[in-house]
Amino acid sequence: MARTALIISGGAPNATLLAGALEAFHELGVKVDVISSAGAGALLGLMYIAPKNGDIVSTLRSLKEMGVADFIYRAFPVNFKVFHKPGPMAEAYRQALSANPLLQMMQQWPADNAWAKTLKDGAALAFASATPSNLNSDSLGLCAHVPFAEEIIDFNALKNSGPDFWLNAYNLSQHQMENWSRSQIDLQHLQAALSFPYLYPPTEINGDFYIEGAAIDCLNFKDLRKNYPDLEEIVVFDLLGAEKLLRKPKDLHDAWVMSIITPLVEIARDDIKLFEALHSDGITLHKVPLIDAIAEKNLPDVFDWSRSNMDRLYQTGYHAAKKYAQEKLNHLIQ
């Protein structure tokens, strides 16, 4: 019987904020009965309960490597490590590169200073830029579906013991939200949960087409309450429900990111209000203040994919979640 739940919401640019928070929960031994996720939260949640290498901490910390060296990012503010060119030619090119021992050595290079990181990421950018692609005006999305997911998540281990796990996606064919349990989730289901419109094409599963559930329901409260009517406590890692994230963009790319984040902030905020009004009877809701922990001076950079921001967010998430858990969730620490 499930009594406690953790909700991990969407918000890909802030993924390391979540990763740091999850490391703090793991370090302290915070136990929940069920994890419910949406959007990028699904990727983080799966890394947490089913890391490919069996090591939760190293898997979560590896997300910081998604960041682009600051020097390169200032000149070219696009994350070529996360957003990959689509199409069969691009996939064949990436597979050929992954089999190259020299490139494997380069990827494993620790690069422990700013110059080394710039050199390493500069080489990665060159290879990414050379990727062939069939992207055209008839394409349904700009990017390939998270081609690195199987490198960090063990989908077979996901079927084993641990907290219940759910992720959501919206079924475009049936016009309804769907939630999948850990026994159903494979790579395709994760790709469906991450298929944000325009960025990624819809994912086809059994003849139906799906987009990211977080685009419509960031926090996935309703089905969680339906599936677990005996819940007593819900802990929320909410990255989006804060107006302080809204600001004047810094440039055209930043304006595009803000065009995605702005409606999600309102959706997440409304989801919290609806839950408290309609579904919270008898339930204690813990909102871990991850966004509030970000220093005011760092807010303009919060959606940057730079290495410095990825590391800063990780540390912020770790300390904020650890402090909150020790003060408010001590009864869940085992």
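**Exercises: a cavity and a helix pair**

The largest cavity has a volume of about 420 Å³. A cavity here is a set of points, on a 1 Å grid over the protein atoms alone, where a 1.4 Å probe fits but cannot get out; the volume is the space filled by probe spheres set on the points. The model is predicted, and its local features need pLDDT of at least 70, side-chain atom pairs pLDDT 80 or more, while totals for linings use all residues. Residues are numbered from 1 along each chain, and side-chain values use heavy atoms, without hydrogens and water.

**Exercise 1.** Describe the lining of the largest cavity.

*Solution.*
- Lining residues have an atom within 4 Å of a point; there are 26 of them, and Ala12, Pro13, Phe83, Leu199 and Trp305 are the closest to the centre.
- Helix 11 (252-279) and helix 2 (40-49) each give at least two lining residues, helices being DSSP runs (H or I, at least four residues).
- Helix 11 has the largest share, six residues.
- By class, 21 are nonpolar (Ala, Val, Leu, Ile, Met, Phe, Trp, Tyr, Cys, Pro), four polar and one charged (Asp, Glu, Lys, Arg).

**Exercise 2.** Find how helix 1 and helix 2 are oriented to each other.

*Solution.*
- The axes of helix 1 (residues 15-28) and helix 2, lines fitted to C-alpha atoms over the stretch in contact, come within 10 Å and cross at roughly 30°.
- Angles under 35 degrees count as roughly parallel, so helix 1 and helix 2 are roughly parallel.
- The contact (heavy atoms within 4.5 Å) joins Ala15, Leu18, Ala19, Leu22, Phe25 and His26 of helix 1 to Gly41, Leu44 and Tyr48 of helix 2.
- These contact residues comprise seven nonpolar, two polar and no charged.

Terms used:
1 Å grid on protein atoms, 1.4 Å probe; cavity = no way out; pocket = protein on both sides within 12 Å on 5 of 7 lines; lining within 4 Å. Axes fitted to C-alpha atoms, helices over the stretch in contact; angles between N-to-C directions. Parallel < 35°, antiparallel > 145°, perpendicular 65-115°, else oblique.
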